[in-house]
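Subject: Structure handover

Hello,

Here is the structure for you to look at. Please open it first, then read my notes below.

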Amino acid sequence: MDLTNTQIIFIWKPDSGIMKERKKSGNRSSKTFKPKKNIPEGSHQYELLKHAEATLGSGNLRMAVMLPDGEDLNEWVAVNTVDFFNQINMLYGTVTDFCSGDSCPVMSAGPKYEYHWADGTNIKKPIKCSAPKYIDYLMTWVQDQLDDETLFPSKIGVPFPKNFMSVAKTILKRLFRVYAHIYHQHFDAVMQLQEEAHLNTSFKHFIFFVQEFNLIDRKELAPLQELIEKLTTKDR
């Protein structure tokens, strides 16, 4: 984290993966992200996903994020990371018409928090870019990680790599930044679309999950700390 006199700059460099440019659509309303390929039906990860969905249906988010008895932590984190990626794809997709280079010339989460892009390979020196550009880079990078079978194995019996949890933490840390941007810059649009309940439930689920397994440092959550306290206090 680099400090300046006027703002806090969070700079990230992926542990692996190569940033790729996406082809831009001429129609902004169609600029949504392709979700991660579906977890194959019949696989153990699919069963875990169904377990998570069923537990979420009970309304008890604290219980829903807990590791099921006898399950592998890496596999549980993998399944939920894919699910959160898909959720955030949909949530950001609803506000893309409100998030442009003109309205959001820098990727920020309020006046104190600005995010610069670097991928450690093609872009080694962090650069300022618009929020839609940053999120496009970010989500493309995350999708590359999720599609990498050496990082996120989907076949039974294939072990997770030793650095899996580090990669998962990096992914979740960066997905949080999309939530933070939506809340700080586009919540009025979310309310216009009557999506605030969906956004709040998704974010609350996300926060309970990362808190349960200590997956994101508290300092990274600072842009939404007040909201986090509000959403989670009554569930303690």
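Is Glu114 buried or exposed? Glu114 is buried, with a relative accessible area of 6%. Here buried means under 20% relative accessible area, exposed means over 50%, and partly exposed lies in between, using a 1.4 Å probe and protein chains only.

Some ground rules before the rest. This is a predicted model, in which local features need pLDDT of at least 70 and side-chain atom pairs count only at pLDDT 80 or more, while totals for chains, interfaces and linings use all residues. Residues are numbered from 1 along each chain as its sequence is written, and side-chain values use heavy atoms, with hydrogens and water left out.

**Overall layout**

The protein has 7 helices and 4 strands. These are DSSP runs, numbered from the N terminus: helices are H or I with at least four residues, strands are E with at least two. Along the sequence the pattern reads β-β-α-α-α-β-β-α-α-α-α. Of the 236 residues, 49% are buried. Contact means heavy atoms within 4.5 Å. Take the contacts between residues at least 6 apart in sequence: 75% of them join residues at least 24 apart.

**Strand E4**

Glu114 belongs to strand E4.

E4 runs antiparallel to strand E3 (residues 107-108), and 2 bridges join them. Two strands pair if DSSP finds at least two bridges between them. Ser108 has Glu114 as its bridge partner. The hairpin has 4 residues between the strands, and Gly110 there takes a positive phi near 90°.

**Salt bridges**

The structure holds 2 salt bridges. The term means a side-chain nitrogen of Lys or Arg within 4 Å of a carboxyl oxygen of Asp or Glu. One joins Glu114 and Lys128, at 3.7 Å from N to O. Lys128 sits in the loop between E4 and H4, so this pair ties together parts 14 residues apart in sequence. Lys128 counts as exposed, at 54% relative accessibility.

Glu220 forms a salt bridge with Arg177, with the closest N and O atoms 3.1 Å apart. Glu220 lies in the loop between H6 and H7 and Arg177 in helix H5, so the pair links parts 43 residues apart in sequence. Both Glu220 and Arg177 are buried.

**Core and rings**

A nonpolar core is a set of buried Ala, Val, Leu, Ile, Met, Phe, Trp, Tyr and Cys residues joined through side-chain atoms within 4.5 Å. The largest one has 67 residues, and Leu175, Tyr179, Phe203 and Phe206 touch the most other members. Helix H5 (164-192) is among the elements that each supply at least two residues. H5 gives the most, with 14. Leaving out residues up to four places away in sequence, Leu175 touches Phe84, Phe85, Ile88, Met139, Val142 and Phe206.

Charges also sit over rings, meaning that NZ of Lys or CZ of Arg is within 6 Å of the ring centre and within 35 degrees of the ring normal. Arg62 lies over the face of Phe208, 3.8 Å from the ring centre. The charged end of Arg174 sits over the ring of Trp141, 5.2 Å from its centre.

Best wishes
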